[in-house]
Amino acid sequence: MNRRQLGAADFDTAVSGAVSLSEDARKTLLAAYQERKRTELTHPFLKEKTTLGLMPFIQAALLARRLRDDLDGYPPFVWR
């Protein structure tokens, strides 16, 4: 939406008033999402390069380590 990849014509409105994405818009959205997940960054706590798509898994592992008392605190990840 922010990059103007989708527009008003990409949405279908049903008779009931429900709104959905067209098939082509859905493919565009999923392709952009997959590309975004490949974005590389350095994790601020681990100091290792990783992809944005792996961030939920990494944060879940860090939370598990905290719950087991392997870490003194949970290091949150804040995307800017």
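A definition before the numbers: the radius of gyration here is taken over C-alpha atoms, and the globule rule is 2.2 Å times the number of residues to the power 0.38. Please keep in mind that this is a predicted model.

So what radius of gyration does the protein chain have? The value is 19 Å, whereas a compact globule of 80 residues would be near 12 Å. The extents of the C-alpha trace along its principal axes are about 55 × 25 × 20 Å.

Next, secondary structure. The protein chain contains four strands and two helices. Going along the sequence, their order is β-β-α-β-β-α.

On contacts: take the pairs in the protein chain whose residues lie at least 6 apart in sequence, and 16% of those contacts join residues at least 24 apart.

Now burial and surface. Of the 80 residues in the protein chain, 18% are buried. The accessible surface is about 6500 Å², and carbon and sulfur atoms account for 55% of that.

One place on that surface I want to point out. Which residues form a nonpolar patch there? They are Leu63, Leu67 and Tyr74, and together they have about 310 Å² of accessible area.

Leu67 sits in helix H2, which covers residues 55–67. Is Leu67 buried or exposed? Its relative accessible area is 67%, and the cut-off for exposed is over 50%, so Leu67 counts as exposed.

That is what I have; questions are welcome.

Terms used:
Residues are numbered from 1 along each chain as its sequence is written. This is a predicted model: local features need pLDDT of at least 70, side-chain atom pairs count only at pLDDT 80 or more; totals for chains, interfaces and linings use all residues. Side-chain values use heavy atoms; hydrogens and water are left out. Patches are made of residues with over 30% relative accessible area and no salt bridge: like charges are joined within 9 Å, nonpolar side chains (Val, Leu, Ile, Met, Phe, Trp, Tyr) within 5 Å. Accessible areas come from the Shrake-Rupley method with a 1.4 Å probe; for residues, only the protein chains shown count as cover. A salt bridge is a side-chain nitrogen of Lys or Arg within 4 Å of a carboxyl oxygen of Asp or Glu. Buried means under 20% relative accessible area, exposed over 50%, partly exposed in between (1.4 Å probe, protein chains only). Contact means heavy atoms within 4.5 Å.
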